[in-house]
Amino acid sequence: MQTNFLSQQFNAGSLAENSTACPANATICDGTSCILTGDNFNQTLSVVLSTVLTIMLALVMFSMGCNVEIKNFLGHIKRPWGIFVGFLCQFGIMPLTAFLLSLAFNVLPIQAVVVMIMGCCPGGTASNVIAYWVDGDMDLSISMTTCSTLLAMGMMPLCLFIYTKMWTDADAIVLPYNSIGLSLVALVIPVSVGIFVNHKWPSKAKIILKVGSIVGAVLIVLIAVVGGILYKGSWIITPKLWIIGTIFPAAGYTLGFFLARLAGLSWNRCRTVSLETGMQNTQLCSTIVQLSFTPEQLELMFTFPLIYSIFQLLFALLILGGYRLYRRHHVKTKTDVEKTAQKEDSKSSAKINGGFVSDEMK
């Protein structure tokens with residue numbers, strides 16, 4: 001309900017934990033009750049941000065579709081073991097990890113909900129880029145991202161319903177399943193169009209893919225900057241969320257890798273599943289949170305997707321750096337193998353041709 005005054009009720013414990021005092025613009029501050037004056041500028045900016053976020057996210061998902069080749073995608077659907085393992089990681093390991101971390105650190109109910117939303121999100125598009133640089137299975141990576149996005153329409157609301165009952169049963173928080181569902185359904189359209197464009201015009205799809213990756217990076221920065229203006233109180237958060245934001249992606253990468261190895265997947269597919277598990281679609285999480293919750297609730301939860309985004313990227317870069325160092329010192333590259341084979345062939349032929357070996361082959 002919007003009136004000339006927005007009433008914010010704070011629990012005494014949460015007030016002490018998330019804020020040091022009543023906001024400076026509070027007209028009345030009595031105990032744990034603060035009343036803030038309405039801010040038309042913030043309301044207008046919030047509407048603009050929501051619209052821009054929706055459009056940019058649709059473009060990012062459209063570009064993701066442009067990276068999907070129907071032939072390879074259908075090949076993984078026919079042999080779905082890798083995708084099935086990824087499904088268990090994405091909608092089994094990640095929601096359960098989010099639930100356990102929320103319980104272990106005893107965060108506020110609304111903060112537990114945003115951790116759960118992040119845990120139930122589909123895989124992010126950045127995982128495809130990192131998978132390429134760690135010599136992962138690119139077809140599996142793209143297929144997993146696409147399938148998790150499509151399956152999220154049903155699995156995300158289901159996981160949220162199961163895991164958030166202890167925080168929503170008291171009616172203190174009402175999960176907006178309609179908004180979440182509409183956001184997810186809306187993603188299917190740009191992804192489907194992107195797949196069609198890649199099938200019909202593959203050269204144009206590559207250009208769109210590059211533009212989409214840039215838009216994705218801009219989207220994260222835009223959310224951080226404008227969100228910081230709208231929800232200044234969201235940056236005064238409990239250290240618990242920073243700790244969860246650090247542990248969560250690391251747990252996703254680690255558990256995803258070990259489950260894939262336990263399932264008998266090859267090493268390059270294990271790396272792929274690991275990245276697909278730990279790298280979540282933080283843009284989608286931020287958009288759902290922005291469109292689904294009140295400004296008062298956003299004050300306590302808005303920054304978590306940004307925290308997760310920072311640490312998932314940091315750990316992904318560490319994985320990439322570690323793999324590159326390992327490959328440099330322990331693994332022969334394909335080029336090295338080819339050169340060795342050429343050298344052996346030349347020496348063999350040299351015995352037949354009178355012992356001549358060119359300087360290039362020595």
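Which residues form one aromatic cluster with Phe99? In this predicted model, the cluster consists of Phe99, Tyr163 and Trp167.

View 1. The structure holds 9 aromatic pairs. One of them joins Phe196 and Trp201 in an edge-to-face arrangement, with 6.1 Å from centre to centre and 85° between the planes. Phe196 counts as partly exposed, at 44% relative accessibility, and Trp201 likewise counts as partly exposed, at 42%. The residues Phe99, Tyr163 and Trp167 belong to one aromatic cluster.

**View 2. The ring pair between helices α11 and α15.** The ring centres of Phe248 and Tyr308 are 5.3 Å apart and the planes meet at 80°, so this pair is edge-to-face. Because Phe248 belongs to helix α11 (residues 239–262) and Tyr308 to helix α15 (residues 304–330), the pair ties together parts that are 60 residues apart in sequence. Phe248 and Tyr308 are both buried. The UniProt record, an unreviewed entry, places the feature "transmembrane region" at several stretches, including residues 241–260 and 306–326. In the model, residues 241–260 are 100% helix and 0% strand, with the end C-alpha atoms 28 Å apart, while residues 306–326 are also 100% helix and 0% strand, with 30 Å between the end C-alpha atoms.

**View 3. Helix α12 and what covers it.** Helix α12 (residues 267–278) has 12 residues and reaches 17 Å from its first C-alpha to its last, which is close to the 16 Å expected at 1.5 Å a residue. Its buried residues include Cys270, Thr272, Val273, Ser274, Leu275, Glu276, Thr277 and Gly278, and among the elements that cover the buried residues of α12 are α4 (81–105), α6 (126–133), α7 (138–163), α11 and α15. At Trp267, Arg261 lies over the face of the ring, at 3.8 Å from the ring centre.

View 4. A search of the whole structure finds 0 disulfides. For Cys121, the closest cysteine sulfur is that of Cys285, and because the two sulfurs are 4.5 Å apart, they are too far for a bond. For Cys270, the closest cysteine sulfur is in Cys89, at 9.7 Å, and this too is too far for a bond. Cys121 is buried, with a relative accessible area of 0%, and Cys270 is buried with a relative accessible area of 0% as well.

View 5. Ser102 lies in helix α4 and, at 2% relative accessibility, counts as buried. When residues up to four places away in sequence are not counted, Ser102 touches Val107, Ala112, Val115 and Trp167. Trp167 is also part of the aromatic cluster with Phe99 and Tyr163.

View 6. Leaving aside residues up to four places away in sequence, Pro157 touches Ala152, Tyr177 and Leu184. The C-alpha atoms of Pro157 and Cys120 are separated by 8.3 Å, although these two residues are 37 residues apart along the chain.

Conventions: Residues are numbered from 1 along each chain as its sequence is written. This is a predicted model: local features need pLDDT of at least 70, side-chain atom pairs count only at pLDDT 80 or more; totals for chains, interfaces and linings use all residues. Side-chain values use heavy atoms; hydrogens and water are left out. Rings of Phe, Tyr and Trp (its six-membered ring) pair if their centres lie within 6.5 Å; planes under 30 degrees apart count as stacked, over 60 as edge-to-face and the rest as tilted. Buried means under 20% relative accessible area, exposed over 50%, partly exposed in between (1.4 Å probe, protein chains only). Helices (H or I, at least four residues) and strands (E, at least two) are DSSP runs, numbered from the N terminus. A charge sits over a ring if NZ of Lys or CZ of Arg is within 6 Å of the ring centre and within 35 degrees of the ring normal. UniProt positions are given in the numbering used here, feature names are shortened, and annotations may be inferred rather than shown by experiment. The expected span of a helix is 1.5 Å times one less than its number of residues. Contact means heavy atoms within 4.5 Å. A disulfide is a pair of cysteine sulfur atoms within 2.5 Å.
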